[in-house]
Amino acid sequence: MLTNSEKRYGAVAVTLHWLIAIGIIGMLILGKYMADLPRADPSRFELIQLHKSFGITILALSVLRVLWRLVNKVPPLPPQMPAWQRYAANASHFLLYVLILAIPLSGWAMVSASPLGIPTIWFGQFEIPHLPGLQGFADQHAVEGQLRETHELLGNLMIGLLIIHIGAALKHHFWDRDDVLIRMLPFTRVK
Ligand code: HEM
Ligand code: HEM
């Protein structure tokens with residue numbers, strides 16, 4: 001089934017969830033690795049180009065995902081879940097949606113504000129334009145620096161939230177023994 005049912009997430013939601021999850025986790029690792037390299041490291045430039053191309057791709061997938069979320073109802077949480085856990089699940093999912101959009105957008109804004117004006121060429125194929133309104137400031141370096149800090153902060157927030165998210169998924173599976181993890185996994189059946 002492509003769409004979600006009362007019991008499980010459908011193929012579209014599952015595919016987007018896991019593509020974006022692998023993408024974001026890979027990008028967090030790549031981002032931290034790149035940021036730690038010395039400025040003069042010869043691989044730094046190429047890695048940043050790759051990071052930008054993957055990042056824009058993840059942004060496009062995330063927009064699709066949010067639109068799909070708005071038109072396709074998700075399966076209800078297990079009825080035995082206490083109210084505070086329902087609230088925590090909904091709030092953290094909402095924040096995760098905000099972050100999968102805000103992290104790549106802040107990265108895109110950072111490179112758009114850079115005084116160096118290095119273009120973003122999507123996997124060497126075509127140019128992604130810079131975001132408008134981010135050039136022409138008196139202190140262009142400071143604007144870029146603020147956006148770099150925002151990008152880093154949002155990335156760190158994602159790492160924290162992801163630890164909670166994964167912990168919650170594992171708790172549902174091994175402690176509560178409900179279908180919450182299974183229904184988001186591909187190639188599984190929910191009774
Ligand atoms: C950066 C990586 C990830 C992001 C951004 C992310 C984001 C999300 C979001 C936004 C939802 C809510 C879906 C809805 O609208 O109902 C969700 C659900 C879910 N995620 Fe993730 N996720 C990530 C990684 C993971 C990982 C690694 C696991 C497994 C260990 C996981 C397990 C689940 C499960 C089981 C659900 C379903 C919850 C439910 O049924 O209500 N996620 N995820
Ligand atoms: C899609 C999700 C993305 C994630 C999870 C992500 C994550 C990260 C992380 C963790 C860092 C290292 C920050 C630090 O600790 O100092 C970083 C650096 C960077 N990101 Fe991203 N990023 C994403 C998308 C993007 C996009 C779309 C762009 C631009 C189009 C971008 C441009 C950059 C640049 C240029 C740096 C290097 C900053 C520097 O050290 O000078 N990122 N990213």
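This is a short tour of two ligand sites in one structure. Keep in mind that the model is predicted.

Let's start with the iron. Which residues coordinate the iron atom of ligand 1? They are His 17 and His 165, each through NE2, at 2.0 Å. The iron site has 6 donor atoms. The angles among them run from 87 to 179 degrees, and the site is octahedral. For reference, the ideal octahedral angles are 90 or 180 degrees.

Now look at where those two histidines sit. His 17 is in helix H1, residues 11–36. His 165 is in helix H4, residues 140–176. They are 148 residues apart, so the pair links distant parts of the chain.

Are they buried or exposed? His 17 has a relative accessible area of 12%, and it counts as buried because that is under 20%. His 165 comes out at 25%, which makes it partly exposed.

On to ligand 2. It has 23 residues around it. Gly 31, Lys 32, His 51, Arg 148 and His 151 come nearest.

His 51 places an N or O atom 2.8 Å from a nitrogen atom of ligand 2. His 151 has a polar side-chain atom 2.8 Å from a nitrogen atom of the ligand. Arg 148 has one 3.0 Å from an oxygen atom of ligand 2.

Which helices build this shell? H1, H2 (44–71), H3 (83–113) and H4 each give at least two residues. H2 supplies the largest share, with 7 residues.

Last, the make-up of that shell around ligand 2. Count 12 nonpolar, 5 polar and 6 charged residues.

Technical notes
Residues are numbered from 1 along each chain as its sequence is written. Chains are lettered from A and ligands numbered from 1 in the order in which they are written. This is a predicted model: local features need pLDDT of at least 70, side-chain atom pairs count only at pLDDT 80 or more; totals for chains, interfaces and linings use all residues. Side-chain values use heavy atoms; hydrogens and water are left out. Donors are N, O and S atoms within 2.8 Å of the metal (3.2 Å for Na, K and Ca); water is not among the atoms, so sites may look incomplete. Four donors count as tetrahedral if all angles lie between 85 and 135 degrees; four count as square planar and six as octahedral if opposite donors are over 155 degrees apart and all others between 65 and 115; anything else is irregular. Helices (H or I, at least four residues) and strands (E, at least two) are DSSP runs, numbered from the N terminus. Buried means under 20% relative accessible area, exposed over 50%, partly exposed in between (1.4 Å probe, protein chains only). A residue is near a molecule or strand if one of its heavy atoms lies within 4 Å of it. A polar contact is a pair of N or O atoms within 3.5 Å; within protein, one must be able to donate a hydrogen and the other to accept it, and residues adjacent in sequence count only if both atoms are side-chain atoms. Ala, Val, Leu, Ile, Met, Phe, Trp, Tyr, Cys and Pro count as nonpolar, Asp, Glu, Lys and Arg as charged, and the others, Gly among them, as polar.
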